Structures are given as structure tokens and as C-alpha cells.
Amino acid sequence: MSFDTIPSKASFKPKPFNAHVSDEDLRSFQTHLKYSRIGPKTYENLTTDVKDFNHWGISRQWVADAKQHWETKYDWRKTEDRINSYPNFTVPIQDSGFDFQIHFVALFSKKPDAVPLALLHGWPGSFLEFLGTLDVLREKYKPEDLPFHVIVPSLPGYGYSNGPPLDKDFNTEGIARVVDKLMVGLGFGDGGYVAQGGDVGSFVARVLGVNSEACKAVHLNLAIGIQQPDDVPMDALSKEEQTGLVRYNDFGNLGNAYAREHGTRPSTVGLVLSSSPVALLAWVGEKFLQWSDESPPVDEILDSVTLYWFTDSFPRAIYPYRQFFGPKPTFFHPDAEWHIKKPMGYSWHPKELAPVPKDWVAKTGNLVWYRGQTEGGHFAAMEKPKLFVKDVEDFVKEVWPTVK
């Protein structure tokens, strides 16, 4: 079945894209991986519990086992085949004098009233986070009855998208402008679209909900940075929400040490982690293990690390952290400037980094739809794609008739 029919109202002419690294680059990577050393055993890396924010990070044993699997069993070509099983495109977009080439994966619908939906990833994720979601939708629908035009961009600086600029600053608001230009250029400017985001994508979605006329509604699965409102006492929260706040506090106290490094020393950490695949594996692998409910399969983690390696995107992708954890930090979600007046939805997951209670999130926008899940973590679409699709379907079904 073909989901690659560009909408007739599109002003852009997206160019088909095929994910492929050369045999030479693949051999070079395999050699580099083979000779990348793992550091010595220490008390910390022998006794750490990666799931606990109060412990010391990734274990040496996990890194050693993952490295061996990466060398002997992992198949990047198989991952490329999976990527290429979906319609992939690139399109030129200019913003502030810089020429972006933005990559996106899409499922275009042939249904006349299909709702345009932008799914926005974050770090250490990528468009790969949503492949499970696309699997669910492709299995459930045909192009003729798919209720969405699903657009999954690689954000500027991530994966197969270029940028950010080398001669000027770039920020979250800039990402939102590029995403909005993408959606409008694909023909969704008049009727509008829905933005969905987690991690960095949650900040982008919020900015779109405030700044973009074409963005009609926003669904979030992360709302980090929000603190307890004066009129919402703790005893008004459910037991699950109170438990979630313990995790939120632990992350705020110790779990976000990595983010301060990203935000204050992006040059240093970018250069260090670009020099060794094992170093990148340890840094990124820790986050997928620690931030998820059930640990993802090692192949799924290696997909993301390998994509970062081949696209040199780790040092290009951490620039948003300068806003979140730099000298003048902003988290967008708690700021009155970014209060969303349009319909907003929120899905709560118990193992999210910041399982912020519903009533707290409601203070930051027009919260008209909410669902509290009993499972799932930070990577909602990747961990629980069927639940994720259900949430998005139900949110859109409820709010879209009110914004058309």
C-alpha cells in the first residue's frame, strides 16, 4: 500500500529520500567500534543501578555486552531497510537566512478530511522513536481510510536533517518556525494541523501552539519544569501522581546532571562523544535504560546510537539544552508567555522523567483532554506505540471538530 501521495495543496515539492551509508563508511565504523576500548572496572560501574536516578549511571557490564552485540550480531542494513519501508523525503526550508534540508517520514492519507499531525521527537531520540507508531497505523489503516496525514520530521540538527547554523545562534523557537514552515508547505496551512511532542518536541509543540496560526491543537506527554501551584494541595493528588512526584524530584536533584553538561558545555561533550562509538553508546544507552519503564531491546537502542554516529548528529543536536539548562534557563511549560489557549491534551506516564500531575499541567494551557496511563516512560511512542496511537486518536477525535 502506498502512503506517499503528496497533498494536492502542497507548495513544497519534497524529494524522495533513501537511508543508506556507503559500504566504506560501514566498514570504517565497524573497525572503529572494534578498537574502541571500554574503561576499567570501578566500584561505581560494577554496583550501579541504571534505573535509579540516585545511583551512578550505566554499568560496565551492560556496555560490554552491548558492544559485543553491536560488533557481532547487529545489522544496520536491516534498520535502513525498515526506515526505507516508509515514505521518506527531504525538503529545503529557509529560516533566518539559513538553508535547511529537512528530512521527514510520512504516512500521507487519501482521506479527504484526514487531520494533519506532526509528531515531534527529542533527545536522545529521533524520528526512529515513531516507527512503532507508524507500524501500528500502517497495519490498522489503508491510505484511503487513514484518519491522519502523519508527518515525522527529523528536527534541525538531528538525524538526516542538516543544521543548525554554524555562524549564528539557533533555538527552540527556531525549530518551531521550521516545523511550521514544513507543515504549511505540505499544504496544511489553511485547514491547520495538530502538534504532538515529548522531550524537546514538547517544547516545540508548545511554542507552535502559541506562535503558529496553523497549529490548532497540541498534545503533550512531557511538561517538565512545572512546579506545584499554590491552589493545588498535595493531598488533592492521586497516590499515583504523588509517587510520580518522587521520581520528578529525584530527576531534578540528580538525574538531570547530564542536561547541565549539555547546556553549559555543549562544545566539550559534543567533541568527546563524537570521538568514540563506545562513549556514545554509554551516554545514550544510559538514557534509554533509565528513562523507560521497561528497558528497550538492545537492538532498538543501537539503532538510535548508530543513527547518531553515522549522521554526526550528537554534537549538532544538543543546542536546545542551552536554553533549558544554560545561564538563563527556560522550560517554556511553566512560563506565562507560553500558556496555550488552544485545545491541549496531556498523557501521563508513571515512569516519565517528570510525571507532572494533571492539575499542575492544567495551569499552563487550555487542558481539555487527559489520560493517565498505568505504564510507560519517557519514550511513550517507542515504548507503548499502541497506547500512544490510542491517545492521539482519542484526543484528535475530541478536539478537531471544535477547531475546524
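Reply: The model is predicted. Its largest nonpolar core has 132 residues, and those touching the most other members are Trp76, Phe104, Trp123, Phe127, Ile151 and Leu208.

Me: What is leucine 208 in contact with, leaving aside its neighbours within four places in sequence?

Reply: Leucine 208 is in contact with Leu120, Ala176, Val179, Asp180, Tyr193, Ala195, Cys215 and Lys342. Contact here means heavy atoms within 4.5 Å.

Me: What makes H12 largely enclosed by the rest of the structure?

Reply: Of the 14 residues of H12, 11 are buried, so the helix is largely enclosed. The buried residues are Ile301, Leu302, Asp303, Ser304, Val305, Thr306, Leu307, Tyr308, Trp309, Phe310 and Thr311. They pack against helices H1, H3, H4, H10, H11 and H13.

Me: How does the reach of H12 from its first C-alpha to its last stand against the expected value?

Reply: Helix H12, residues 298-311, reaches 20 Å, close to the 20 Å expected at 1.5 Å a residue.

Me: Why is aspartate 312 called exposed?

Reply: The cut-off for exposed is over 50% relative accessible area. Aspartate 312 has 53%, so it is exposed. This residue lies in the loop between H12 and H13. Its phi is positive, about 50°, although aspartate 312 is not a glycine.

Me: Why is phenylalanine 332 called buried?

Reply: Buried means under 20%. Phenylalanine 332 has a relative accessible area of 1%, so it is buried. Its place is in the loop between helix H14 and strand E8. Phi of phenylalanine 332 is near 65°, again a positive value in a residue other than glycine.

Me: Is aspartate 81 buried or exposed, and what makes it so?

Reply: Aspartate 81 has 56% relative accessibility, so it counts as exposed. Aspartate 81 is found in helix H4. Its C-alpha atom is separated by 9.3 Å from that of asparagine 18, 63 residues apart along the chain.

Me: Is glutamine 373 buried or exposed, and how do you know?

Reply: At 11% relative accessibility, glutamine 373 counts as buried, because the cut-off for buried is under 20%. Glutamine 373 is found in the loop between strand E9 and helix H16. Leaving aside its neighbours within four places in sequence, it is in contact with Trp348, His349, Pro350, Leu387 and Asp391. The C-alpha atoms of glutamine 373 and aspartate 391 are separated by 9.7 Å.

Me: Why is H8 called oblique to H9?

Reply: The axes of H8 (residues 239-255) and H9 (residues 257-264) cross at roughly 50° and come within 7 Å. Angles under 35 degrees count as roughly parallel and 65 to 115 as roughly perpendicular, so an angle between those ranges is oblique. That makes H8 oblique to H9. On the H8 side the contact is made by Phe251, Gly252, Leu254 and Gly255, and on the H9 side by Ala257, Tyr258 and Arg260. These residues divide into four nonpolar, two polar and one charged.

Me: Which omega does the peptide bond from tryptophan 123 to proline 124 have, and which does the one joining glycine 163 and proline 164 have?

Reply: The bond from tryptophan 123 to proline 124 is cis, with omega near 5°. Proline 124 lies in the loop between strand E4 and helix H5. The bond joining glycine 163 and proline 164 is also cis, with omega about -5°. Proline 164 lies in the loop between strand E5 and helix H6.

Methods. Residues numbered from 1 in each chain as written. Predicted model: local features only at pLDDT ≥ 70, side-chain atom pairs only at ≥ 80, totals over all residues. Heavy atoms only, no water. Axes fitted to C-alpha atoms, helices over the stretch in contact; angles between N-to-C directions. Helix = DSSP H or I, 4+ residues; strand = E, 2+ residues; numbered from the N terminus. Parallel < 35°, antiparallel > 145°, perpendicular 65-115°, else oblique. Nonpolar A, V, L, I, M, F, W, Y, C, P; charged D, E, K, R; others polar. Expected span 1.5 Å × (residues − 1). Buried < 20%, exposed > 50% of the residue type's maximum accessible area, 1.4 Å probe, protein only. Core = buried A, V, L, I, M, F, W, Y, C linked by side-chain atoms within 4.5 Å.
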